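My notebook is open, and today I am looking things up one residue at a time. Follow along with the model beside you.

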Amino acid sequence: MKLSRLALAITLLPTSLWANDANIDSSEELQAPALIISSGRRAELRKQATTANTVFTRADIERLQPASVPELLQRVPGVQVVQSGGRGSNVSLFIRGTGTAQSLVLIDGQRTGSVSAGGASLQHLSIDQIERIEVLRGSRSALYGADAIGGVVQIFTRRAEGPGLQPRVRLAAGSQGTWERSMGLSGGDQQTRFSLNASLDETQGIDRTGPSYPSDANHDAYRNQAVSFTLSHKLAENLSAGLNVLDQRGKTEYDNPFGRWDAAWNVHPQKPYDHFSLSSTSAWLDWRASELWSSRLEVGHGEDKQESFDKLFPGSEAFNSYRDSASWLNTLTLNERHSLLVGADYLRDKLHSTTEYSETSRWNQAGFIQHSYRGEHFSTELGLRHDKNQQYGSENTFNAALTLPLNERNDLVLSYAEGFRAPTFNDLYSPASWGANPDLQPERSKSYELQWRSQLAEKTRLEASLYRTDVRDLIVYVFDPATFNGSNYNVAEARINGFELTLQQELLGWQHTLGASIIDPRDRQTGHTLARRAKRTLSYDLDRQFGAFAVGASWRLASSSYDKLDNQTEIAGHGILDLRSSWQATPELAFDMKLANLLDKDYSRSLYQYNGQDHGYQEEPLSVKLGLTWTPALQ
């Protein structure tokens with residue numbers, strides 16, 4: 001969503017939307033799990049949002065101690081993240097059984113990801129640069145346009161914690177030669193706020209493959225250096241402006257069991273590796289024209305660059321994506337029950353590549369409107385969006401939701417949503433030998449969902465969802481044996497049925513968070529289960545605070561899955577147990593420790609072939625990490 005400054009979005013939120021919860025304190029909005037922006041592209045109470053959602057604040061991130069964004073996202077019911085072995089390896093994101101390119105990832109409101117292949121490089125986002133993550137489960141194309149069939153992941157970079165100056169230094173060391181270093185300085189006053197942060201993460205990594213070529217025998221190192229900066233300034237009583245910048249770059253080594261082997265590598269083995277660079281920049285202007293109308297204008301630029309080096313092939317191979325965007329959002333508070341969101345989006349994608357494409361740029365224009373009604377006996381939400389694309393023409397998407405409060409503690413939400421996924425540059429414009437087809441149409445979806453939300457007790461919250469998603473015009477590669485060539489076509493259909501459950505409870509001082517999901521994602525033509533989707537997943541976090549000490553544990557389970565759509569090769573299920581602790585030794589100094597994969601389970605989420613045999617990519621073994629954080633108080 002395009003409201004990248006949570007603080008100002010909440011400040012500009014019409015007071016009528018807060019009427020049902022007078023306890024909200026807008027001075028603590030960045031750490032408020034009761035709020036969400038992404039569901040309606042404006043700040044609102046999570047209990048009023050119609051989309052199934054999960055929110056991680058900075059406090060959650062520090063408590064859970066995830067090593068990466070993919071590790072954190074695996075706690076979300078209905079979300080599966082599959083990596084090809086260890087930290088920094090390629091990531092596939094499956095939200096409610098949909099594919100990587102069928103889910104939208106935003107950084108401070110800006111689209112991120114590769115325009116050539118689709119999908120975002122979540123493995124390269126430094127967890128230390130993140131203030132907040134919001135995950136929407138279910139289609140939101142009526143608000144966001146293309147690629148939001150499965151859902152939306154919105155990532156907010158670090159923000160100022162309050163007035164005055166707050167410096168921060170962190171150092172951590174762990175197994176596999178892991179070192180994490182970061183520092184930050186934030187602060188300001190009632191008029192101006194800023195946050196400047198830098199980090200450097202390095203690890204010698206693990207050997208991601210088992211049997212493979214000699215060049216793959218050693219560990220796969222990873223290096224990530226990141227800088228982020230946010231600035232907001234109040235120009236007048238009703239006018240504010242700001243800037244958000246995130247830049248990440250580094251190097252990741254990988255194994256290549258798919259290539260041929262050069263005997264010379266026995267003497268001079270060299271690992272293939274990638275240089276990557278991710279950046280997102282946005283500037284915004286907020287204007288509250290009156291009690292009736294508030295408006296926001298935002299422009300942004302994002303880059304996703306990757307250059308691959310492999311001794312098997314001379315030179316390098318580069319795929320660099322560039323995205324320029326602009327958005328105009330207008331919130332109209334018609335009265336205490338009716339509100340209207342009207343907006344327009346513009347996006348231009350460009351690709352610079354060492355591989356020649358028939359087209360290297362395209363634009364997309366869109367307008368949308370969404371009406372919200374909040375009544376005593378029911379509430380509704382109706383949205384409509386029209387996209388016009390330079391390549392595939394026009395696309396209309398619609399969403400509707402009905403909220404029925406059964407009593408003070410229980411709500412039912414019935415919703416319908418349409419979605420679409422735009423063909424990537426690889427699908428449309430890549431070399432003919434890759435199967436490019438310029439006549440492809442977007443993939444389209446229809447989703448139906450029933451949610452039950454219950455405040456069972458003062459400290460017990462239960463949310464459950466039952467849903468079905470039908471996707472048609474799926475883009476698949478069809479091989480022709482006669483010509484020994486193939487092409488992409490809109491021929492496949494998928495049906496995904498699912499159930500999700502989230503339980504949050506505080507009992508005897510222990511904080512319990514349980515997330516469970518059951519899905520049945522199938523190809524309608526063959527009846528086969530979609531590749532790499534586990535039908536059953538479970539995540540359980542248990543935490544307790546003992547004065548200055550805190551302890552916690554995480555348990556993640558995933559059932560078996562199939563590596564390919566033909567369902568011939570099965571990937572075994574797994575269960576992983578992590579332990580963590582922290583100690584606030586002084587007001588300025590804190591220590592933390594984490595034991596990951598405590599039982600040293602050997603498991604894989606994806607397979608590769610070597611000499612005609614299937615083998616699993618190796619994931620992180622038992623590892624330990626110790627860290628300290630220093631937040632000196634400045635007088």
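Predicted model: local features only at pLDDT ≥ 70, side-chain atom pairs only at ≥ 80, totals over all residues.

**Entry 1: Thr98**

Residues are numbered from 1 along each chain as its sequence is written, and side-chain values use heavy atoms, with hydrogens and water left out.

Where does Thr98 sit? I found Thr98 in the loop between β5 (91-95) and β6 (103-107). Strands here are DSSP runs (E, at least two residues), as are helices (H or I, at least four), and they are numbered from the N terminus.

Is Thr98 buried or exposed? Its relative accessible area is 2%, so I wrote down "buried". The scale is: buried under 20% relative accessible area, exposed over 50%, partly exposed in between (1.4 Å probe, protein chains only).

Next I listed its contacts (heavy atoms within 4.5 Å). Leaving out neighbours within four places in sequence, Thr98 touches Leu93, Ser103, Ile149, Gly150, Ile496 and Arg533. I also checked Gly138, which is 40 residues from Thr98 along the chain; their C-alpha atoms are 9.8 Å apart.

**Entry 2: the sheet**

I traced an open sheet of five strands in the order β3-β8-β9-β6-β7, with mixed pairing. Which strands stand at its edges? They are β3 (52-56) and β7 (110-111); each has a single partner strand, so one side of each is left without a neighbour in the sheet. Two strands pair if DSSP finds at least two bridges between them.

I then followed β8 (residues 130-137) and β9 (residues 151-157), which pair in the antiparallel sense over seven bridges. Ile130 has Thr157 in β9 as its bridge partner.

**Entry 3: salt bridges**

I searched the whole structure and got 51 salt bridges. Each is a side-chain nitrogen of Lys or Arg within 4 Å of a carboxyl oxygen of Asp or Glu.

I began with Glu134 and Arg132, whose side chains meet at 2.9 Å, N to O. Both Glu134 and Arg132 are buried.

My next pair was Glu381 and Arg140, with closest N and O atoms 3.5 Å apart. Glu381 is in strand β20 (residues 379-389) and Arg140 in the loop between β8 and α4 (141-144), so this pair ties together parts 241 residues apart in sequence. Glu381 and Arg140 are buried too.

Then came Arg223 and Glu202, at 2.3 Å between the closest N and O atoms. Arg223 is in β13 (residues 222-236) and Glu202 in β12 (residues 192-203), 21 residues apart. Arg223 is partly exposed at 34%, and Glu202 is partly exposed at 24%.

I also noted a network of salt bridges linking Asp60, Arg63, Arg75, Asp541, Asp543 and Arg580.

**Entry 4: Arg362**

I did find the backbone oxygen of Pro423 2.8 Å from a polar atom of the Arg362 side chain. Its contacts beyond four places in sequence include Asn389, Phe425 and Tyr429.

Terms used. Polar contact = N/O pair within 3.5 Å; in protein donor to acceptor, adjacent residues only side chain to side chain.
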